[in-house]
Amino acid sequence: MPRITVDVDGITCTDEVQPRTLLVQYLRDQLGKVGTVVGCDTSNCGACTVHMDGHSVKSCSVLAVQADGHEVTTVEALSQDGRLHPMQQAFHDNHALQCGFCTPGMIMQALDLLAENPEPDDEQIREGLEGNLCRCTGYQNIVRAVREASQRMRAGAGPAMEHSGETPAPRTSTEQTAQQRVAGGQS
Amino acid sequence: MTATPVSPSEPELGRARKRKEDARLVTGRTRWTDNMTVPGMLHMAVLRSPVAHARITSIDTSEARRMPGVHAVVTGSDIAGQQGSLPCAWPITEDMKAPAAPAMAVDSVNFAGEAVAMVAARSAAEARDALDAIDIDYEDLDVVLDIESAARDDSPLVHEELGTNRNATWTFDSAEAGTGGDVDRALRDAEIRVDRTFRQQRLIPSFMEPRSVLADPTGEQYTMWSATQVPHILRTMLAMTLGKPEHKIRVIAPDVGGGFGGKLQVTPEEILTFLLAERLGRPVKWTESRSETMVSGHHGRDQVQRLSLAARSDGTVTGLDVKLLADMGAYLRLVTPGIPILGALMFNSIYKFPAYRFSCTNVFTNKTPTDAYRGAGRPEATFAIERMMDELAAELDMDPVEVRRRNWIGHDEFPHTTVAGLTYDSGNYEVATDRAMEMFGYQRLRDEQLRRRQTGDPVQLGIGVSTFTEMCGLAPSRVLGSLSYGAGGWENSQVRVLPTGKVEVVTGTSPHGQSHVTAWSQIVADRLGVPFEDVEVLHGDTQSSPRGLDTYGSRSLTVGGVAAVHASDKVIDKARRIAAHMLECSSDDLDFSGGRFAVRGTDKGMAITDVALAAFTAHDLPEGVEPNLDAEANYDPENFSFPHGTHLCAAEVDTETGAVRIRSYVCVDDVGSVVNPMIVEGQVHGGLAQGIAQALYEEAVYDDDGTLTTATFADYLVPSAADLPEFHTDRTRTDATSNPLGVKGVGEAGTIASTPAVVNAVVDALRHYGVTDVRMPCSPQRVWRALSDARSGSSTRSESGGGLGSMDDGGGFAAGSHGGAR
Amino acid sequence: MIPAEFEYVAPSTVEEAVQALDRAGDDAKVLAGGQSLLPVLRMRMADPGLVVDLGGIPEARGVREDGDTLVIGAMTSHHEVMRSELVRGHAELVALATRTVADPQVRHRGTFGGSLAHADPAGDLPAPVLAMDAEMVVAGPSGRRTVPAAEFFVDYFTTALDSNEVLVEVRIPKYTGWRAHYEKFNRVAQAWSVVGVAATVLVRDGAVARARVGLTNMGATPVRAHGVERALVGSPPTEEAFRRAAVHATEGTQAGSDASAEADYREHLAEVLTGRALATACG
């Protein structure tokens, strides 16, 4: 079996996995990170959304072996020292969840959306969440929460939102490289 | 998470408390059933029939048994003697035809997705792998799909042994019941008569958490964790179905990720997991994939509705005749046959119809069984009558709001006994409607609509109106008894004041997103005068909350919440006796408020929390008073509650593509008194989304072989944030008179009213082209087709898979066995 | 749902990937971004013995210029493509169509080449690539060859790629200064296209000098709307001219009927959406 090393929520994990193991199964079954959930098998619902090297991905559509050497951030890493991340706080304050099953994925995608566009309008928020299904809220309070979080996080707004502090940390180096590659034009 | 600062002057009831539930859910510290692992646990996978109707001629499991990690491969014949028949708790008529409903098929399969074998293995992957090695031969039988032809006498049969596909026919006639006049006469004498047929498409509840069951036979009690709405019903039904001692079964509904009626079930997989774990003597967990949910979890709606309405030319309705065909699917599940009956008393809605007749024939087909889905019977009824009221308005060239005004029950006419025999206790349709029209800018939008019509704008504007009421708070047990329902409708609560003054509230309702922990905390904190933070709510485990009838039908607050009020009041009564004893006064001299007993006319008093400590130490209790400050209440409501509301939808219809865009959506609901307005608003939003989804997006579609072709979220179109509009909501308030909280229930309101509002808007946008209906979901293609047909003067084209073109006046509704309402 | 077992290799060069595929015969699947492949494997609609992951091949990723040609590496993610200044400047149509693919998470993982090689008739990228006369650079056991887009898409989910070949990069002539729009019509935001129209137009001296139009989901493969292009050239960029040109949209199409639309409705949509795509592009 392939051996992989993945940085998951700041912990370096080295494990043997079957090639067919999905990233979400690796997180849930092998690492016990059950905060990330599975809602469908066609990559539509987004409940399993995590960040890989700073970008949102559906962890049901990534093989664990593909995460080898990468950084994975789940909802479980967001709150620090008992303090909710501003996005989590905004979801709470705006009643942006009912059953809560879609919430981890929704929060992770909302963070990605603010990383792309720190000051989205409602339509941009809705479009940014198009890959995440919620059956309880009708989305209105989710949109509200993301709008409010964007305001709370605006001070020194920047891309990496995986920190509960108000000052964002820089993007991961992988992401910087990817950006340079796209911008610089050399493959 | 910071608690909302407590302002002592702000009452708990009516306060937008942030939810206690959230802290774990937003951080991923959750207890979904699939998150659980217990020592020695095996994984179960279920093989499902790929065909809709067939005899099983052989099953070869020998290769699967040899697969790595496999502990057992079990087929229907292996457990035929133990599995019993899945329960149907609602035999709607005495002579209802019901097939045996094995959890796993033994000789024949009756829908694609029915369980035919199961595997227990070390890992979920190995269990799944072994399914591929099971070899089954099927001998195909005729597949029965179309509900209308299935109801005919010459149809092939789903269940040969029943001799018919008709499960039962249930009727109500106001003339017979003495609650109203004769519908035939009203239709004969009608100045205006409107006849329409509507199709309630089949829907899939689509809760976000796939179902999961973990059965552990290793303890003294057999424990089952399940993603269910109904842990108490499940426990009793496991005992009754499998012949097990009920006291040896414990059921836990841990965090449950949505239900919407879809988890109001005793599922085949709960039975199968139970039996497999028992057989192996080891814990077994089954978690379904979404594709399994889609084919095997029960579906909702699926009716053909034929209505005839008689009216005078001033718009006054004089009679309504309703004939339904309801698709049961292949088997009767927990309350399958009763779902259309939940709508039977609701077609007259908020109106004073003088004559009403209802008949529903339930029909078996080779499709996934149907059962409760948000609203359950009432959305179907509301849709049909609200579409009819718009059609009547069109016939009369009258404003659709005006037509409703001429027929609805006036605010000064409550309580009002309806033509269906229900007594509506309170409501004010006028103020809700006026408020909605004001928020909506009704006249301004009508003006714009006219402009667009006059200029031939390719994007036309339609305005949809929907008013509604529903019977909530299921239910008075005596009424359920009269409807032949297999259980009562009471609810249980216990309130325990602990020695330190903290409070435990036990409820028999079982939340899965509805925020009971927060709301019940508010209710009990208000009643006992203790801090919100000091209340813990226990639920969803038959060990900690041993009695209850669970959560569905907008019943939790109106029945379960009221039970908590009664239990709190009993606690106060007991505390009063103890306090009087300790303060050396008469109970009658004590005033209780803000958590404190005060001796009237003195500054003497004591807090209820101090009484709790005294009751705990029990050193000095009055004669006949038992230690501890606890009480239990069982509450059975005397009547349903009747929330109502007015919903207005403005839809832009692109006449070139058929695309529909909701431009504005306003709803004003009266749900009575409100415990937590934030939670109420959230319930309305979610309901609206589901109702709009029925109108525009969702449909379970079967091909000619009986294969569900919308079996993934790629094909079954659950809308995302990008597909739904912003909602503008408000509330009016007339309190329910049937319960001490004055609450009416809100869980289903949005779903019930929004579907007709949207479809009415779509039709209204196209009415001047001659369009009189668009079948749901109003997909761009259907809208475009309706418009093209209307423009070319041809009648609505029937679609493959059963349009309405073939609707036959007689055959489909040929009476089966008449049950009759009691 | 869990995929069936398979062997997995992650070569670091194109040549190694080709060797691995060649050895496996028909029993291998190429994993690019995996956003279509993984759901297929999870549903067990495919059961390959070997999965060859191209994710570790640096050569296949990124956007560059080569004279008058824009080169997009097959393993460049949708996210990278739609944000690339080069793509936006020289092939705006590709950037716009890419923005409509699935949802943000899928666009982070899914790749340009993966979408093209998957050749889903409802996929949004084949039509722009076809309209823009792109060339596909394909590597196989005997080296590399170039396949014009018009020959690359063969049938439903079928391309000119042999089982031992991989798509390395896509070469698109620069369309600098052309206006563009991708008009996608679908039922819900993340659904596949019912019909899509990819249009890019060069307007010079008040008239359409050149036009390229491709249609999504109007047949087993993307369709080039030559009739529309011909009707446009020389016309002023007016709504009227676009409508007249759009009448030709269905020429050469073979729209199918499926759950999301019947053929006659698709044909109607193609015409309406072509007019809109052109109008938006030039608007």
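**Domains 2 and 3 of chain B**

In this predicted model, the C-alpha centres of domain 2 of chain B and domain 3 of chain B are 41 Å apart. Their contact draws on 17 residues from domain 2 of chain B and 16 residues from domain 3 of chain B. On the domain 2 side, the touching residues comprise 9 nonpolar, 6 polar and 2 charged.

The domain assignment of chain B places 168-204 + 298-473 + 640-795 in domain 2 and 490-635 in domain 3. Domain 1 is made up of 33-141 + 209-257 + 263-296.

**A four-stranded sheet**

An open, mixed sheet of 4 strands in chain B has the order E21-E20-E19-E25. Strand E21 (535-538) and strand E25 (629-635) are its edges, each pairing on one side only. From one strand to the next, the twist averages 15°.

Strand E19 (residues 491-497) and strand E20 (residues 503-507) of chain B run antiparallel and are joined by 5 bridges. Within these strands, B:Val495 stands opposite B:Val505 in E20(B).

**Helices on the sheet**

Helix H16 (residues 516-528) of chain B packs on the sheet and touches E19, E20 and E21 of chain B. The direction of H16 makes about 130° with that of E21(B).

Helix H17 (residues 556-583) of chain B lies across E19, E20 and E25 of chain B. H17 runs at about 145° to E25(B).

**An annotated region of chain B**

An unreviewed UniProt entry lists residues 27-142 of chain B as "domain: Aldehyde oxidase/xanthine dehydrogenase a/b hammerhead". Over residues 27-142, chain B is 10% helix and 30% strand. The end C-alpha atoms of this stretch are 51 Å apart.

Terms used
Residues numbered from 1 in each chain as written. Chains lettered and ligands numbered in written order. Predicted model: local features only at pLDDT ≥ 70, side-chain atom pairs only at ≥ 80, totals over all residues. UniProt positions renumbered as here; feature names shortened; annotations may be inferred. Helix = DSSP H or I, 4+ residues; strand = E, 2+ residues; numbered from the N terminus. Domains from an automatic or database assignment. Contact = placed C-beta atoms within 7 Å. Nonpolar A, V, L, I, M, F, W, Y, C, P; charged D, E, K, R; others polar. Pairing = 2+ DSSP bridges. Axes fitted to C-alpha atoms, helices over the stretch in contact; angles between N-to-C directions.
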